[in-house]
Amino acid sequence: MASRKRAAGVHHVRMAAAQRAPSPGAPDDASAVRAAGLRWTPQRQLILQTLREAGGRHMTAEEVWRAVSEQYATLNRSTVYRVLETLTGIGLVRQTRLGGDTAQFELEGSDPHHHLVCVRCRRVVEISAEDVAPLAERVRERHGYHVGATVLTVEGVCADCWTAPPTPG
Ligand SMILES: [Zn+2]
Ligand SMILES: [Zn+2]
């Protein structure tokens with residue numbers, strides 16, 4: 001697996017997303033939606049496109065709604081929430097709880113990765129599955145437990161917050 005070695009961080013995810021991005025409305029998105037027995041609607045297309053253009057960044061439903069409403073002002077918030085749920089249900093979108101109250105959405109199909117979440121600024125950094133491979137290996141040996149590809153969320157303090165002076169109050 002040495003050939004798959006690459007720098008940690010979100011860059012590989014962005015690249016992967018860009019390579020898969022014959023937007024607008026990647027044809028595989030359309031066929032995936034239809035294969036699930038659903039219609040390929042402008043709303044679904046727009047939301048998938050928005051997540052794709054985010055380039056692997058995680059977006060809350062609120063952020064998706066704000067981005068989408070710039071192009072499509074009549075689309076209301078509850079529709080966006082509902083479409084995100086639907087797309088999650090058919091496996092095109094991944095919903096991740098990153099320690100906070102709010103779910104974050106990203107396109108399914110990016111490289112397997114895990115999340116580091118800063119408990120102070122809530123910033124999310126993605127690390128490759130390889131970065132935690134030794135841990136996963138150890139867990140498998142000791143507990144016979146197979147760590148899922150996308151479910152590890154590590155909370156901590158990011159480098160910026162660690163070195164920042166404490167805020168008064
Ligand atoms: Zn931080
Ligand atoms: Zn992610």
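Modeller: Residues 24 or more positions apart account for 58% of the contacts in the chain with a separation of 6 or more, a contact being two C-beta atoms, placed from the backbone, within 7 Å. It's a predicted model: local features need pLDDT of at least 70, side-chain atom pairs count only at pLDDT 80 or more, and totals for chains, interfaces and linings use all residues. Residues are numbered from 1 along each chain as its sequence is written, while chains are lettered from A and ligands numbered from 1 in the order in which they are written.

Colleague: How many helices and strands does the chain have?

Modeller: Seven helices and six strands, taken as DSSP runs numbered from the N terminus (helices are H or I, at least four residues; strands are E, at least two).

Colleague: What order do the strands of the open sheet have?

Modeller: The order is 5-4-6, three strands with mixed pairing; strands pair if DSSP finds at least two bridges between them. Strand 5 (124–128) and strand 6 (153–156) are at the edges with a single partner strand each, so one side of each has no neighbour in the sheet.

Colleague: And which way do strand 4 and strand 6 run?

Modeller: Parallel, with four bridges joining strand 6 to strand 4 (residues 113–118). Cys118 sits opposite Gly156 of strand 6.

Colleague: Switching topic: what share of the chain counts as buried?

Modeller: 20% of the 169 residues. Buried is 20 or more other C-beta atoms within 10 Å of a residue's own, exposed is 12 or fewer, and partly exposed is in between.
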